[in-house]
Amino acid sequence: MTELKMEPFGMMPGGDRIDLYTLTNERGTRVAVTTYGARLVKFERLVKGTPLDIVLGYDTGEDYVADTASMGAVVGRHANRIAGGRVTIAGRPYQLELNTGSKKQNHIHGGTRGLHYHLWTAQIVEGGVEFTVISPDGEGGYPGNFEAKVTYRLTDDDALIISYRAISDADTICNLTNHTYFNLEGWAAESVLDHTAEIFADEFTWTDAESLPDGRILPVVGTPMDFTTPHRIGERIDADYDQLQMAGGYDHNWVLRGDFAPEPYSHLKKAARVTSEKTGLALSCYTTQVGIQFYTGNALGKKPVIGKGGREMRRRGGFCLETQFFPNAPANPHFPQPILKMDEVWTAETVYKLDDV
């Protein structure tokens, strides 16, 4: 039986209160989520009798307001990048806000008023908490008044279930994901390079120096992108391979095969499994989505950022498992398209399941 506690977590610049909701299951595992950006703040499990929090982040709501790395956030309306911010919806072109790229020539994560910069409302539901936000017509360049709901639930077997629901009063773009940085050795650990990763995909989408797919879907076999069997993350991350050199490590979308997840999650696909020999923890990711962005925090530490416990963020100090539509899909019509039609309901589900190795 999941227990739930709500407490103040900080203030928005305009004076609105930021709240923190903590879910605790019968094993003593804790998940904390905040109304600012519907962000995952904590995922804490007992390891040899000692609590270990595997989520990078900050100590206060104000710290999250100052964040520029999407720590723990639900990002959208469109997670990841769109070349030139150009989309066509129902035959009509739209120009999205340009907020990323070497010359700020592309779009990412919904723009500077993406969903992760909003204060969401919260409602306690069975087994968890549901967050709701409305993005007004035109925000970030997107058409339609867009309502998103994200529900976090914690099970007694240490599964964090994230359920998404969205609706719009005009045809629009919808591609939401969670951008949590995990480290199975704890948020204070130096890096994730000694973690072992497995990704349930035989193909990935090639990207250019701006991390934009050009439409090619390539086999992973024979490349450092091959995680069809478990590999240590640091084993090939600096290999002389164009994809890794341009991105400074792993920051790519894998095309999920669709392997069935184990019960009771067999309605989902296996996406990835990451393990730590040091702590004996394994994090499995299951999803309804078609792709997963595996990111190794290559940009962390480029400038000094103080995180939890007053500790400075480290390059490659966390990994992200972002379930999603493929990046830059609007420019590549043969990719699955993140179009949400007027008054239709979009849903998705992703599970992060903690186990022992």
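# Salt bridges and fold of a predicted protein model

User: Is Lys-308 buried or exposed?
Analyst: Lys-308 has a relative accessible area of 6%. Buried means under 20%, exposed over 50%, and partly exposed in between, with a 1.4 Å probe and protein chains only. So Lys-308 is buried.

User: What kind of model is this, and what pLDDT do local features need?
Analyst: Numbering runs from 1 along each chain as its sequence is written, and side-chain values use heavy atoms, leaving out hydrogens and water. The model is predicted: side-chain atom pairs count only at pLDDT 80 or more, totals for chains, interfaces and linings use all residues, and local features need pLDDT of at least 70.

User: Which residue forms a salt bridge with Lys-308?
Analyst: A salt bridge puts a side-chain nitrogen of Lys or Arg within 4 Å of a carboxyl oxygen of Asp or Glu. For Lys-308, the N to O distance is 2.5 Å. The partner is Asp-53.

User: How many residues apart in sequence are the parts that Asp-53 and Lys-308 tie together?
Analyst: Asp-53 lies in strand S5, residues 50–53. Lys-308 lies in the loop between strand S24 (291–295) and strand S25 (320–324). The pair therefore ties together parts whose sequence separation is 255 residues.

User: What is the relative accessible area of Asp-53?
Analyst: Asp-53 counts as buried. Its relative accessible area is 7%.

User: How many helices and strands does the protein have?
Analyst: Both are DSSP runs numbered from the N terminus: helices are H or I with at least four residues, strands are E with at least two. The protein has two helices and 27 strands.

User: Why is the protein called as compact as a globular protein of its length?
Analyst: The globule rule, 2.2 Å times the number of residues to the power 0.38, is set against a radius of gyration taken over C-alpha atoms. For 357 residues, the rule gives 21 Å. The protein is that compact because its radius of gyration is close to this, at 19 Å.

User: What share of the residues is buried?
Analyst: The protein has 357 residues. Buried ones make up 58%.

User: How many salt bridges does the structure hold, and which residue pairs with Arg-45?
Analyst: The structure holds 19 salt bridges. In the one with Arg-45, the closest N and O atoms are 2.9 Å apart. The partner is Asp-356.

User: Which strands hold Arg-45 and Asp-356?
Analyst: The pair ties together parts that are 311 residues apart in sequence. Asp-356 is in strand S27 (residues 346–356), and Arg-45 is in strand S4 (residues 39–47).

User: Which is buried and which is exposed, Arg-45 or Asp-356?
Analyst: Arg-45 has 9% relative accessibility, so Arg-45 is buried. Asp-356 has a relative accessible area of 53%, so Asp-356 is exposed.

User: Where do Arg-316 and Asp-238 lie?
Analyst: Their side chains meet in a salt bridge at 2.9 Å, N to O. The pair ties together parts 78 residues apart in sequence. Arg-316 is in the loop between S24 and S25, and Asp-238 is in the loop between strand S20 (231–232) and helix H2 (242–247).

User: Which residues do salt bridges with shared partners join into one network?
Analyst: Arg-316 is buried at 5% relative accessibility, whereas Asp-238 is exposed at 54%. The network joins Arg-27, Arg-45, Asp-158 and Asp-356.
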